[in-house]
Amino acid sequence: MRQEKDTNIELLRVISCMMVIFIHVANYYCRSMEEISVGSYVFATIINGICRISVPMFFMISGSLLVGRDVDIKRNFNRVIMILKPLVIWSLIYAVWNYSYRERGYYDLKDMFAEPVKRHLWFLYVLVGIYLTLPFWQKLFQGMSDELVRYFSILYIVLLGINFFLACMDMEVRYQIPLVGSSCHLGYFIMGYVIRRYRKEIKMRRLWAALVAIFSMTIVIGATLSYSFNDGAHCEDFFEYRNVLIGIAAMAIFLATMRSKPCQLTDTMRCWVELVAKHAFTIYLAHVLFLDILKEEIDMCQFSAFIGVPMFGLMIFMATFLFAGLVELTKKHFLNYAK
């Protein structure tokens, strides 16, 4: 039974991985609002908005698999190292890449501690912090009563909404509420565990969960289009991951997935899902290389977003997937040679 449940999670991981790539391709079109047609901009914004649930779901997938485990300090330390190593390696790769290919000039490696070399590496910075403190969350939530878990969930969602509303009003929240209100990403991480554990107790049918997600993302996309057309420039405020509506949509989809019957995949399809899921982390890290190449070598805006977003998105995904496989083969060859 455990294997069947994991199939749904692995499939969700694959879909989320592809969504991240489509976010970055669609974002390129959105930020080129003045250079593309209205139809292309609306289409790119819709794809961009829908795919925004992928990052919260990445956190929820990890949390659903880790928070419920027994505390193991040594294993958790190794988990932190497993995140730090690719963070350092890929920061160095992108520093050289920006200097040699993007001609962005010399990069001071000390700046790595202040901000990522590439924006998408922020995900690893957050994961390092969460994994460092993971044993506390494991111990805390495994000992919580159902009432306390319910209280946490309600309080987290409410504060997520309040914090985002205040941010939209340019009001700074100087004193954040610890654990519940200080990090939307940690909240997603924990909510993944909560939703998976209490999926049978949560009184919401999959259809209603899907409708909640659709309604939430419709507001996000509608608000983005409204503000963008009003200002004459693309507005990204509503696409931030701290937006409570994006969080609610992601949690609703995650709940619907957890309550769904195990996906009936053919052996071939199951093999592909497991293979892509296995390389999802490398695909996430490396896909910006191929996006940069497209930006430098091709005028992407000469293609309508209706064509460009799916075409370039799939091109980057396939190229990065093959790259991830090549990296794994090279690593295995090196290790065998070292022995």
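**Helix packing and aromatic pairs in a predicted model**

Q: Where does Phe303 lie?
A: Phe303 lies in the loop between α12 (280–297) and α13. Helices (H or I, at least four residues) and strands (E, at least two) are DSSP runs, numbered from the N terminus. The model is predicted, so local features need pLDDT of at least 70 and side-chain atom pairs count only at pLDDT 80 or more, while totals for chains, interfaces and linings use all residues. Residues are numbered from 1 along each chain as its sequence is written, and side-chain values use heavy atoms, with hydrogens and water left out.

Q: And what does Phe303 touch?
A: Setting aside residues up to four places away in sequence, Phe303 touches Tyr29, Ile298, Gly308, Met311 and Phe312; contact means heavy atoms within 4.5 Å. Phe303 and Tyr29 are 274 residues apart in sequence, with their C-alpha atoms 10.0 Å apart in space.

Q: How accessible is Phe303?
A: Phe303 has a relative accessible area of 30% and is partly exposed. Buried means under 20% relative accessible area, exposed over 50% and partly exposed in between, with a 1.4 Å probe and protein chains only.

Q: Switching to Phe22: which helix is it in?
A: Phe22 is in helix α1 (residues 2–31). Phe22 is buried, at a relative accessible area of 15%.

Q: What is Phe22 in contact with?
A: Beyond its neighbours within four places in sequence, Phe22 is in contact with Ile47, Cys51, Val309, Pro310, Gly313 and Leu314.

Q: Now α9. What span should its 26 residues have, and how far apart are its end C-alpha atoms?
A: At 1.5 Å a residue, helix α9 (residues 206–231) should span 38 Å, and its end C-alpha atoms are 37 Å apart, which agrees. The expected span is 1.5 Å times one less than the number of residues.

Q: Which residues of α9 are buried?
A: Ala209, Ala213, Ser216, Met217, Val220, Ile221, Ala223, Thr224, Leu225 and Ser228 are buried in α9.

Q: What do the buried residues of α9 pack against?
A: They pack against α2 (38–51) and α10 (244–259).

Q: What does Ser228 touch?
A: Ser228 touches Met33, Tyr41, Ala233, His234 and Cys235, not counting residues up to four places away in sequence. Ser228 has 0% relative accessibility and counts as buried.

Q: How many aromatic pairs does the structure hold?
A: The structure holds 21 aromatic pairs. Rings of Phe, Tyr and Trp (its six-membered ring) pair if their centres lie within 6.5 Å; planes under 30 degrees apart count as stacked, over 60 as edge-to-face and the rest as tilted. One of the pairs, Tyr227 with Phe238, is tilted, at 5.2 Å centre to centre and 55° between the planes. Tyr227 is in helix α9 and Phe238 in the loop between α9 and α10, 11 residues apart. Tyr227 is partly exposed at 44% relative accessible area, whereas Phe238 is buried at 15%.

Q: What about Trp272 and Phe321, how far apart are their ring centres?
A: The ring centres of Trp272 and Phe321 are 5.9 Å apart and the planes are at 50°, so this pair is tilted. Trp272 lies in helix α11 (residues 267–278) and Phe321 in helix α13 (residues 305–338), so the pair ties together parts 49 residues apart in sequence. Trp272 is partly exposed, with a relative accessible area of 46%; Phe321 counts as buried at 9% relative accessibility.

Q: Which residues do ring pairs link into a cluster?
A: Phe58, Phe59, Trp122, Phe123, Tyr241 and Tyr284 are linked into a cluster by ring pairs.

Q: Last topic: at what angle do the axes of α5 and α6 cross?
A: The axes of helix α5 (residues 122–132) and helix α6 (residues 134–142) cross at roughly 55° and come within 4 Å. That makes α5 oblique to α6. Axes are lines fitted to C-alpha atoms, for helices over the stretch in contact, and angles run from 0 to 180 degrees between N-to-C directions. Angles under 35 degrees count as roughly parallel, over 145 as roughly antiparallel, 65 to 115 as roughly perpendicular and the rest as oblique.

Q: Which residues make the contact of α5 with α6?
A: Ile130, Tyr131 and Leu132 of α5 and Leu134, Pro135 and Trp137 of α6 make the contact.
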